[in-house]
Amino acid sequence: MAEEQATQETKAKKKLPIVTIGIVAGLMAVEGVVVFLLVGMTQGGKEAEASIEGDALADLEAPVEVPLLEEKFQNNQTGRVWLWDTVLVLKTRKKHEELVKSTLEARKAEVREGVAMIVAKATHTQLMEPGKETLKRQLQSLATNIFGTDPDGRPRVDDVLAIVKGSQVDR
């Protein structure tokens, strides 16, 4: 009799807590559904699309290139005379193109003199920079002084594209 009671007690101890497992599984399922619904409700729009209203406005903001000049300028900062083949192009918006062209035509000599002074005063390392950052910054400042800013306060010339190649002159 004692043996039967001992085996029944061990069986009772080994018995799985089915009710507890069922409650935990049910809570996990409910939690999964709640998380799924919350994520689904807080998720942003599936598609986002941006467009500019009106083709005319988009066309006016389109970038255009206006040739500034193509000349050779002299520099002797190294103690030797160097000639720098210079090609400059202004990058502006379509709405400013005519104003930039007319100002360029009216102030051509001033532009040429300003560029000549910048190249003449530049050090050899500035002219040899791979990205021409120093030269472009000085040319951008010159362009802003000559062409001004639009009513929004932005410069009419967005960027100055510079191609500068040097060659030493033997004298």
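Student: Which residue does Glu61 form a salt bridge with?
Tutor: Glu61 pairs with Arg93, and their closest N and O atoms lie 3.8 Å apart; a salt bridge here is a side-chain nitrogen of Lys or Arg within 4 Å of a carboxyl oxygen of Asp or Glu. The pair links distant parts of the chain, 32 residues apart, with Glu61 in the loop between α3 (55-60) and β1 and Arg93 in strand β2. Helices (H or I, at least four residues) and strands (E, at least two) are DSSP runs, numbered from the N terminus.

Student: What kind of model is this, and how are residues numbered?
Tutor: This is a predicted model, in which local features need pLDDT of at least 70 and side-chain atom pairs count only at pLDDT 80 or more, while totals for chains, interfaces and linings use all residues. Residues are numbered from 1 along each chain as its sequence is written, and side-chain values use heavy atoms, leaving out hydrogens and water.

Student: Is Arg93 buried or exposed?
Tutor: Arg93 is buried, with a relative accessible area of 2%, whereas Glu61 is partly exposed at 31%. Buried means under 20% relative accessible area, exposed over 50%, and partly exposed in between (1.4 Å probe, protein chains only).

Student: And what does Asp150 form with Arg93?
Tutor: Asp150 forms a salt bridge with Arg93, with the closest N and O atoms 3.1 Å apart, and both residues are buried.

Student: Switching to α4, which residues are buried there?
Tutor: In helix α4 (residues 97-106), the buried residues are Glu97, Val100, Thr103 and Leu104.

Student: Which exposed residues does the face turned away from the buried side carry?
Tutor: That face of α4 carries Glu98, Glu105 and Ala106.
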